Amino acid sequence: MKKFLVVPAVISGMMASYAQVKTRDYVVDPELAPREHNVNFTNMRLEIGFEPAKGLVKGKVTLTFTTYRQHTDSIWLDGIKMNVQRLTLNGKDVPYKADSAGITVYPASQLGWETKDSLTVTYECTPRKGLYFIGWNDPNNLSRKQIWSQGEGIDNRNWIPMYDDWDDKMITETIVTFDKDYEVLSNGTRVGVKDNKDGTRTWHYKMTHPHSPYLVMLGIGNYAIDERKSKSDVPLHLYYYPEWKDREQETYKYSAEMIDFYEKEIGVKFGWESYSQIPVQDFMYGAMENTTATIYGDFFMVDSRAALDRNYIGVNAHELAHQWFGDMITCRSSSSMWLHESFATYYSALFDKETFGNDYFDWERRGQENAAIDEAKKNSNPIASSQAGSTRIYPQGAFVLNMLKYVVGGREIYNKAIQYYLEKHKYQNVDSRDLLIAFEESTGMSLDWFWQEWYFRGGIPNYHVSYTEQNGATEFTVSQVQELTDITGIPPSGEGVNAIPSGLFKMPVWFEVHYADGATDKKQVWIDKQPQVVDIPNSQGKKIDYVLFDPDNQVLKSVSFHKPFEMLKAQAEKAENLLDREDAIEAMRSTGADKKRDFLITLFNKETFQSIKAEVVMQLANDSNPASRALLKAALADKDVHIRKAVLANVNSIPHELLPDFENLLSDSSYDVISTTLDKLNAGNPSGMPSYLQQAKGITGAVGRNVEIKWLELSAEYSNDNQYMNKLVEYTSDSYEFRTRVNAMQALQRLNYFDNKLLASLLNAVPNPNGRLSGPASDVLQFFYGQDRCKKAISDYAASIKWEPWQMAAIKRIINLPAAR
């Protein structure tokens, strides 16, 4: 049975007292407002071709616009280092001035107010950002040959002259002429394909609704296409490499179902004509939500075995959610970027909840909260800021959206507000206050305080909680121990005894008392004072089993709440929600193994979700007691790969009696497990390595060749045969995708092996625009440059090459080179 105390004022009623905020302090944000511009671009027609070996773009772009102002005597187009061949206004040549940042157009006479005009720019460019030419100059002809774009935030200006910023929306069409042996994808509907006499083909794509310039995309390569439809008849075009047909079903397994789920959950139909997804090599992020056409890194295209370690499901759901949050509605400036990323992260988690269950969703929430807590130790920047950083606009923002749902009263009223927000602003630009106004207009609630506390100001509450039993009640005492500043928590409000200082947080929090007889008392209270005492009557003097502060972890926070071990046991065993059980088990980390061992082993055998089982493994991994060793043996054979990985991550050394169990992992279904096991066995039983290497021979692993490269590394360690080193050096070259290159570079660093071929690969990689290649390559180059035996060779080799200025700038951050001759 559960007994609930009746609280006099419900949440919505309590909000009224916080509606008026007298003082507002914000972190200064240089990008709070969008850039000024004097015309409104409404349409863009792009006709484009390429000379890929040269990295050359040959384009013609026509931009239709209306003027915002009564008198317009110049127009600015963003365009990095464009070679303009002709520029016309309404079909007539017009004066212009081009520099390295863009083009200023000077009409012969001032343009009238709200007139409709068009600019056409014929141009060439060799972009270093925004559009990428992959593999066209590979001397070994091993790399894929592709052209693909990445426009976010303002990189499309590197290959298309246009107004390139968040706060404009255009209906676009793209006409691409290229080799007919390739496939071409762009935004919108493919309205035509025409073969040309010169062996090329022209593809024509067109949008029917406006979208922002950074979402214009292009993808060219060798692909096959799987055609599907959602239940609401949205066409899906799912691109894949023909030789990876066996990976296509695993990669796209939920793509149609995601559209069905979002249309139902969000309450707004998919807003575009179709949806495509295309993998590309060497993508610098996970994926990009271009309107109607998501680009993603081909390292996510995996078969069912590689999917155990890394799959596309979460990224797929995230990018699809952007078709509503980011593409259909788009922030006015980067200060409201959370309106894209927080929503996409949150709705991806909601799809996971639908597909994998509530425990999985809560596990994701805990990860989001932990990331936010760590970020708060660095600074107190708010979510609604261009200075927020990725952690705040992705995981922290997602957690806060779930908290907003909790505050307003649950899924139904939250969904009502989101539907209203999307319908009101469909195909428009928005900022943080537009969402607040939508909530207020659709629910009648005054939520300014929530926006102030969680979006416009920074920080996270840190609660110290204790409880006592006295006077027929359970008394909780809550103190907020975070640093109180002018830019965190709530602004100061109230006067006298009702005064609330700046820096405190106010939130409705549930308190629960669970009794040994199975009964429960619970109470919700606004926590906004310092300190604050909450009483829950226990007039019958029942024995308390365990108590909870903020059950199910609805409020973003750090919390310290000491509880006796017996209470932790009761909470870990009986609490309804995963996170409450997990909190209790984590609180046992400082408890000696002898005291907790039997209980944790029993719990491991009872629990079904991997996060708690992995926590038990972590706490007992290095306990030499036979019962703990038996637990590890069972965990090494657990069907859930997370549990097997937990053993590998936490065992300091392989117990002798478990050596056969570790050896069995060389046949594991997980490539990551095999790779990690080779390292563990190398440290724990080096005499067995020849046999282990023979067993792992021929296993490539996932994208990035993780098992093969680990095998080559260890084979080189145990052999004088140069073939292993040579193969690793080969894998560092630009004939291979970046994950293989990075894995090979780092293996050679661990082996401390250096030669000129490796050096050439490192110098090739250091200036690469993909930071996930250039960063590790720079670290490896720095490692060898710090050694006297390599330093001169590196300097001499680098000085012998004629570099482009941008390449030289990247290399000189590591190597001392003389000035260019």
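Contact here means heavy atoms within 4.5 Å. The structure is a predicted model, in which local features need pLDDT of at least 70 and side-chain atom pairs count only at pLDDT 80 or more, whereas totals for chains, interfaces and linings use all residues. Residues are numbered from 1 along each chain as its sequence is written, and side-chain values use heavy atoms, with hydrogens and water left out.

Figure 1. Helices (H or I, at least four residues) and strands (E, at least two) are DSSP runs, numbered from the N terminus. Val400 is buried, its relative accessible area being 0%; buried denotes under 20% relative accessible area, exposed over 50%, and partly exposed the range in between (1.4 Å probe, protein chains only). Beyond its neighbours within four places in sequence, Val400 contacts Ile383, Phe450, Trp454, Tyr455 and Leu556. Trp338 is 62 residues from Val400 in sequence, with a C-alpha to C-alpha separation of 11 Å in space.

**Figure 2. The open sheet S16-S17-S18-S20-S19.** The sheet comprises 5 strands with mixed pairing, two strands being paired if DSSP finds at least two bridges between them. Strands S16 (224-229) and S19 (287-288) stand at the edges with a single partner strand each, so one side of each has no neighbour in the sheet. Helix H3 (residues 255-266) packs on the sheet and touches S16, S17 (235-240) and S18. The direction of H3 makes about 145° with that of S17; axes are lines fitted to C-alpha atoms, for helices over the stretch in contact, and angles run from 0 to 180 degrees between N-to-C directions. Strands S18 (residues 275-280) and S20 (residues 293-297) run parallel and are joined by 5 bridges. Val280 has Gly297 in S20 as its bridge partner.

**Figure 3. His322 in the loop between helix H4 (313-321) and strand S21 (330-331).** His322 is buried, with 0% relative accessible area. Apart from neighbours within four places in sequence, the contacts of His322 are Glu289, Asp327, Met328, His340, Glu341 and Ala344.

Figure 4. With a disulfide defined as a pair of cysteine sulfur atoms within 2.5 Å, the count of disulfides is 0.
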